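Please keep the sequence and the 3D view open while going through them.

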Amino acid sequence: MEHSDQKGTVEMVKDNNGLDQVLLREPRGASARVNLFGGQVSSWKNDRGEELLFMSSKAIFRPPKAIRGGIPICFPQFGSSGSLEQHGFARNKFWNIDNNPPPFPSNCYNNKAVVDLILKPAEEDFKSWPHSFEFRLRVALAHGGDLTLISRIRNTDNKPFTFSFAYHTYFCVSDISEVRIEGLETLDYLDLSQDKERFTEQSDAITFESEVDRVYLSTPTKIAILDHEKKRTFVLRKDGLPDAVVWNPWEKKAKSIADFGDEEYKHMLCVDGAAIETPITLKPGEEWKGRIELSTVPSSYCSGQLDPLRVLEG
């Protein structure tokens with residue numbers, strides 16, 4: 001599977017561990033890698049070849065172990081809040097190329113390198129989660145390097161089912177103490193490090209000086225992550241995903257995670273588009289769609305502030 005035209009290239013490759021990947025490239029040089037194991041984006045580089053996603057140096061690439069970094073997909077459970085393994089099973093399964101993807105508006109993907117993946121339950125999966133579904137994932141890399149992930153989950157069973165969901169996106173940052181998040185001010189959040197106690201965000205922007213593990217509720221469709229040292233802002237746009245997870249394990253927790261380097265918390269930040277507080281329920285035949293788009297813009301600073309809030313308002 002390889003094709004090339006003005007919208008870039010799509011190529012089947014293997015990673016250093018022999019696992020199948022799809023390599024997306026756009027003409028200016030940006031790229032993304034999507035592992036068939038987990039349906040997981042494992043790399044996203046800009047046109048200068050700079051890696052924008054964090055991948056732990058201790059990540060284990062041995063299925064069915066989940067891969068620590070990139071964009072793991074949490075489905076049908078986020079965290080350990082249900083009966084399934086941490087973050088559900090989608091990130092621990094081998095996905096297939098979807099050769100018959102659902103139609104999309106024809107003009108949306110003319111200039112993008114695109115791959116469509118599909119996950120269906122195997123026989124053994126029904127023991128832990130007895131529901132029939134089709135999970136279709138589209139990953140698209142646009143001219144300029146913007147990365148879009150669209151999930152479509154359809155109930156193909158004869159009874160309803162309920163799930164939670166997150167794109168557990170590990171952003172690569174220069175120094176976590178120099179990073180701020182804008183767009184979540186004044187919102188309520190559940191503090192997962194304090195037994196899901198509910199608080200209201202009081203800060204003008206979220207900054208980091210200790211462990212943060214929160215689910216922000218009723219969040220806007222656009223969130224900005226400002227990396228002061230790199231003068232770079234990540235912009236996360238999302239649809240169908242009312243919540244936003246913000247996670248950095250900090251020093252003590254980092255040392256307790258086997259597949260995570262002791263000092264790596266300084267160079268990563270998870271900000272997820274998610275549906276957690278109110279799980280999604282699908283009746284037979286119904287479909288849910290959740291989308292994120294990731295982009296970067298140069299940061300303009302005035303006294304450390306984004307000036308003006310053009311990223312969030314634009």
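1. The largest cavity. The lining as a whole is made up of Pro-102, Phe-104, Asp-116, Arg-136, Leu-137, Arg-138, Ile-150 and Arg-152. Sorted by class, four of these lining residues are nonpolar and four are charged, with no polar residue among them. The space inside the largest cavity comes to about 30 Å³, and a search of the whole structure finds one cavity of 30 Å³ or more.

2. The largest pocket. What is the volume of the largest pocket? The value is about 790 Å³, and the pocket is lined by 35 residues, of which Phe-78, Gly-79, Ser-80, Gln-86 and His-87 lie nearest its centre. Four strands, namely E11 (161-167), E16 (212-216), E19 (243-248) and E20 (268-282), each supply at least two residues of this lining. By class, the lining of the largest pocket contains 16 nonpolar, 10 polar and nine charged residues.

3. The second largest pocket. The volume of the second largest pocket is about 270 Å³, and of the 15 residues that line this pocket, Asn-46, Arg-48, Thr-296, Val-297 and Pro-298 are the closest to its centre. Strand E21 (residues 287-298) gives the most to the lining, with four residues. The class division of the lining of the second largest pocket is four nonpolar, five polar and six charged residues.

4. The eight-stranded sheet. An open sheet is formed by eight strands in the order E7-E8-E9-E10-E21-E18-E17-E13, with antiparallel pairing. Strand E7 (96-97) and strand E13 (179-182) stand at the edges and have a single partner strand each, so one side of each is left without a neighbour in the sheet. Within this order, E9 and E10 pair in the antiparallel sense over nine bridges, and Val-139 stands opposite Leu-149 in E10.

5. Strand E2 (residues 8-14) runs antiparallel to strand E3 (residues 20-25), and six bridges join them; Lys-14 stands opposite Asp-20 in E3. The hairpin of E2 and E3 has five residues between the strands, and Gly-18 takes a positive phi near 85° there. E3 is in turn joined by five bridges to strand E4 (residues 31-35), again in an antiparallel arrangement, with Leu-23 standing opposite Arg-33 in E4. E3 and E4 likewise form a hairpin with five residues between them, in whose turn Gly-29 has a positive phi of about 120°.

6. Positive phi outside glycine. Thr-186, although not a glycine, has a positive phi of about 70°, and lies in the loop between E13 and strand E14 (188-191). Thr-186 is exposed, with a relative accessible area of 61%. Asp-195 is a residue other than glycine with a positive phi, near 55°, and has its place in the loop between E14 and strand E15 (197-200). Asp-195 is exposed as well, with a relative accessible area of 73%.

7. Confidence. The protein averages a pLDDT of 91, and 90% of the residues score at least 70. Over residues 301-309, however, pLDDT stays under 50, and the model has 17 contacts beyond four places in sequence for that stretch. Where pLDDT is low, the predicted coordinates should not be read in detail.

Methods:
Residues are numbered from 1 along each chain as its sequence is written. This is a predicted model: local features need pLDDT of at least 70, side-chain atom pairs count only at pLDDT 80 or more; totals for chains, interfaces and linings use all residues. Side-chain values use heavy atoms; hydrogens and water are left out. On a 1 Å grid over the protein atoms alone, a cavity is a set of points where a 1.4 Å probe fits but cannot get out, and a pocket is an open set with protein on both sides within 12 Å along at least five of seven lines; lining residues have an atom within 4 Å of a point. Grid points are joined across faces, edges and corners, and a volume is the space filled by probe spheres set on the points. Ala, Val, Leu, Ile, Met, Phe, Trp, Tyr, Cys and Pro count as nonpolar, Asp, Glu, Lys and Arg as charged, and the others, Gly among them, as polar. Two strands pair if DSSP finds at least two bridges between them. pLDDT is the predictor's confidence in each residue, from 0 to 100. Contact means heavy atoms within 4.5 Å. Buried means under 20% relative accessible area, exposed over 50%, partly exposed in between (1.4 Å probe, protein chains only).
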